[in-house]
Amino acid sequence: MIEIKNLTVAIEDKQILNGLNLTVNDGEVAAIMGPNGSGKSTLSYVIAGKEDYEVTDGEILLDGVNILEMSPDERAASGVFLAFQYPLEIPGVGTMTFLKATLNAQRRARGEGELSTPDFIRKVNAAAEKLEINKEMLKRALNVGFSGGEKKRMEILQMALLEPKFCVLDETDSGLDIDALRIVSEGVNALRAKGRSFLVITHYQRLLDYIVPDVVHVMSQGQIVKSGDKDLAKALEASGYAEYRTGEAA
Ligand code: ADP
Ligand code: MG
Ligand code: MG
């Protein structure tokens, strides 16, 4: 369903991704692990369409269509969702207002009509219930004063509402306590479905105890250098990344 072929990316003339190949099948959760500086975040930003990255070769096919030729908004409309490591706090913007604007922007980009307020509220309530999110939280300004765990719940709620085909979580576990980790994992597991694939990027194996991946890939120096099942993550936990060169070495 997602095919990344020969992806070659530079930042400021420094090549970061070196002909990366990766397939994520329909309904699959693929984990990417790897040392710091190996290019994991670069991959997630390039998928989302963040500027500053120069793609010099390769393609990213979502259901056969190269998303590299799309704007970030078009990618989101096609079903790409990137969960950020550090969610934004937006004072003065109510959470419901933000969610409705996000959802309707996606619908407009898809050529669908905007949701009426009652339809939107029904949809949010259904998603919040499924994810066991306290509706009081939805009455506050977006992420302002939210605990780490609440921000994560909000992100998972956004993900549920946007019904993405391809979700990328880049080190969404970093800095989370065990409860927040459980929230994210339960949310992801609740959203696992046919027609939806996940790329879970993490430096640590711990997250993968909760989100059990179908496949584990190791990234080093801008390439996938090893692939296996969930036991590969366990082996890495035991051995560390010493056998893989880090991108940070001079
Ligand atoms: P990871 O997420 O695996 O830790 P990154 O994708 O963040 O790796 O970084 C890969 C390499 O790209 C590192 O060597 C990093 O220093 C470099 N890099 C990342 N972002 C930039 C940038 N904006 N400008 C210059 N170099 C960058
Ligand atoms: Mg890093
Ligand atoms: Mg990173």
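**A walk through the model, starting at the ligand**

By class, the shell around ligand 1 holds two nonpolar, eight polar and five charged residues. (Ala, Val, Leu, Ile, Met, Phe, Trp, Tyr, Cys and Pro count as nonpolar, Asp, Glu, Lys and Arg as charged, and the others, Gly among them, as polar.) Before going on, bear in mind that this is a predicted model, where local features need pLDDT of at least 70 and side-chain atom pairs count only at pLDDT 80 or more, while totals for chains, interfaces and linings use all residues. Residues are numbered from 1 along each chain as its sequence is written, and chains are lettered from A and ligands numbered from 1 in the order in which they are written.

Back to the ligand. Gly37, Ser38, Lys40, Ser41 and Thr42 come nearest, out of the 15 residues around ligand 1; a residue is near a molecule if its C-beta atom, placed from the backbone, lies within 6 Å of it. H1 gives the most to this shell, with three residues, and both E2 and H1 supply at least two each. Those labels are DSSP runs numbered from the N terminus: helices (H or I) have at least four residues and strands (E) at least two.

Now look at the sheet that E2 belongs to. It is open, with four strands in the order E2-E1-E4-E5 and antiparallel pairing; two strands pair if DSSP finds at least two bridges between them. Strand E2 (14-24) and strand E5 (65-66) stand at the edges with a single partner strand each, so one side of each has no neighbour in the sheet. Helix H1 (residues 40-48) packs on this sheet, touching strand E1 (2-11), E2 and E4, and its direction makes about 70° with that of E2. Such angles run from 0 to 180 degrees between N-to-C directions, and axes are lines fitted to C-alpha atoms, for helices over the stretch in contact.

Between H1 and E4 there is a loop, and Tyr53 is found in it. Leaving aside neighbours within four places in sequence, Tyr53 is in contact with Val9, Ile11, Thr42, Tyr45 and Val46, where contact means that the C-beta atoms, placed from the backbone, lie within 7 Å.

Strand E4 (residues 54-62) pairs with E5 over two bridges, in the antiparallel sense. Leu61 sits in E4, opposite Asn66 in E5. Not counting residues up to four places away in sequence, Leu61 touches Glu3 and Asn66. Leu61 is partly exposed too, with 15 other C-beta atoms within 10 Å.

Elsewhere, strand E9 (residues 166-170) is mostly covered, with five of its five residues buried. In a regular strand the side chains alternate between the two faces of the sheet. Phe166, Val168 and Asp170 point one way from E9, and Cys167 and Leu169 the other way. Cys167 is the bridge partner of Phe81, and Ile201 in E10 is that of Asp170.

Helix H5 (residues 148-162) and helix H6 (residues 178-191) pack at about 10°, their axes 8 Å apart.

Definitions and conventions:
Contact = placed C-beta atoms within 7 Å. Buried ≥ 20, exposed ≤ 12 C-beta atoms within 10 Å, placed from the backbone.
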